[in-house]
Amino acid sequence: MGHWNRIKIAKCQILIANFFVLLLGLSVATMAVVTHFGDHFTVIGRASLERNPYETLSYWVFYVGISLAGLLSLGAALSTIATVREAHGLMAAGFLCFALSFCILVQVAFWRFHNPTQVEDAVLDTYDLVYDQAMKNPSSSWWQELAIIQDTFLCCGKKSPFGLLASMGAIMCQGQEAMREDCLQSIRNFVWTHCSIASTLTCTSLAFTVYAMTLCAFLWFAIHSYCGLDRKGRYSLTPRSWLPILLSISEDLLGSRISWGWLSQHRVHTFICVASSSFLGESLPDSCYYFFYHCCGGPTEPRLPEPA
């Protein structure tokens, strides 16, 4: 497989990878918003406790998730534009965004590996504190907060290690509410599902980030070395390259020799005349003959060739 084919394949791959990275960035942002503003987590985070175990963790998860989603989206956008325009500066910026995203994802994966139940423990501890306060003061606002939490999670009370409800819990869970699941088990199942989705997004984002970083590095070196890319843009010819061409064409059309200094001084007019002649497929126009002979020091009136 040639070098050009490898570059074309890499450009197609990075465009496809960036599409999925954008979807992952949107998913991560959605997960962060749901974790912070969702009904289930809001009732836990807004519990009026002096020390809410979940509140600090909720803000940390939200800001990290939004930052990660922004970096992923920005990296995908920059590398896509760089691939289309073949701009190595934008490609380097996209690589930097992916590198920062990689660092954040590694930290999140490391945290999840060493603290797999931290979120679950924080939510359960918050519920335990609210439950204990409500059992101690049934007539206070704690009872109302406990009822809101239980209605949100569709659960009722918590069972003792022996499988029995406390006396106040038994009073609360009557009628249809008695058929509900234990709150500890219900909260644990909900948080486990939520964290499983977050872990899946983290692993998938980590894989796509590494893949996108590799493609960005390869294309950056390819663009920077101008090897095998279909260059598009503005080109400028140096005098060393175009002066001999104009000199040869002008001498052929005029039938006389022209100095290098004169051609360099009047290169714009010479180019216009030669281009017009080449475009029309005929000899030089009268105005061009007049221009050449007048500037070369010839007679005022051009000596036009006799018609055939």
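## Close-up views of a predicted model

**View 1. Packing of helices α4 and α8.** Helices α4 and α8 pack at an angle of about 150 degrees, and their axes lie 8 Å apart. That angle makes α4 roughly antiparallel to α8, because angles over 145 degrees count as roughly antiparallel, those under 35 as roughly parallel, 65 to 115 as roughly perpendicular and the rest as oblique. The crossing in which α4 passes α8 is left-handed, a term used if the near helix is turned anticlockwise from the far one by less than a right angle, with clockwise giving right-handed. Axes are lines fitted to C-alpha atoms, for helices over the stretch in contact, and angles run from 0 to 180 degrees between N-to-C directions. Helices are DSSP runs (H or I, at least four residues) numbered from the N terminus.

This is a predicted model, in which local features need pLDDT of at least 70 and side-chain atom pairs count only at pLDDT 80 or more, while totals for chains, interfaces and linings use all residues. Residues are numbered from 1 along each chain as its sequence is written, and side-chain values use heavy atoms, with hydrogens and water left out.

**View 2. Packing of helices α3 and α8.** Helix α3 (residues 53-85) packs with helix α8 (residues 183-225) at an angle of about 30 degrees, with axes 11 Å apart. This makes α3 roughly parallel to α8, and their crossing is left-handed. Leu72, Ser79, Ala82 and Thr83 in α3 meet Ser205, Thr209, Cys216, Leu219 and Ile223 in α8, where contact means heavy atoms within 4.5 Å.

**View 3. Packing of helices α5 and α6.** Between helix α5 (residues 118-136) and helix α6 (residues 141-153) the angle is about 135 degrees, with the axes 8 Å apart. The two helices, α5 and α6, are therefore oblique to each other, and they cross in a left-handed way. Among the residues in contact are Tyr127 and Tyr131 in α5, and Trp142 and Trp143 in α6.

**View 4. A salt bridge between Glu86 and Lys11.** The side chains of Glu86 and Lys11 form a salt bridge (3.3 Å, N to O), defined as a side-chain nitrogen of Lys or Arg within 4 Å of a carboxyl oxygen of Asp or Glu. This pair links distant parts of the chain, 75 residues apart, with Lys11 in helix α1. The structure holds 2 salt bridges.
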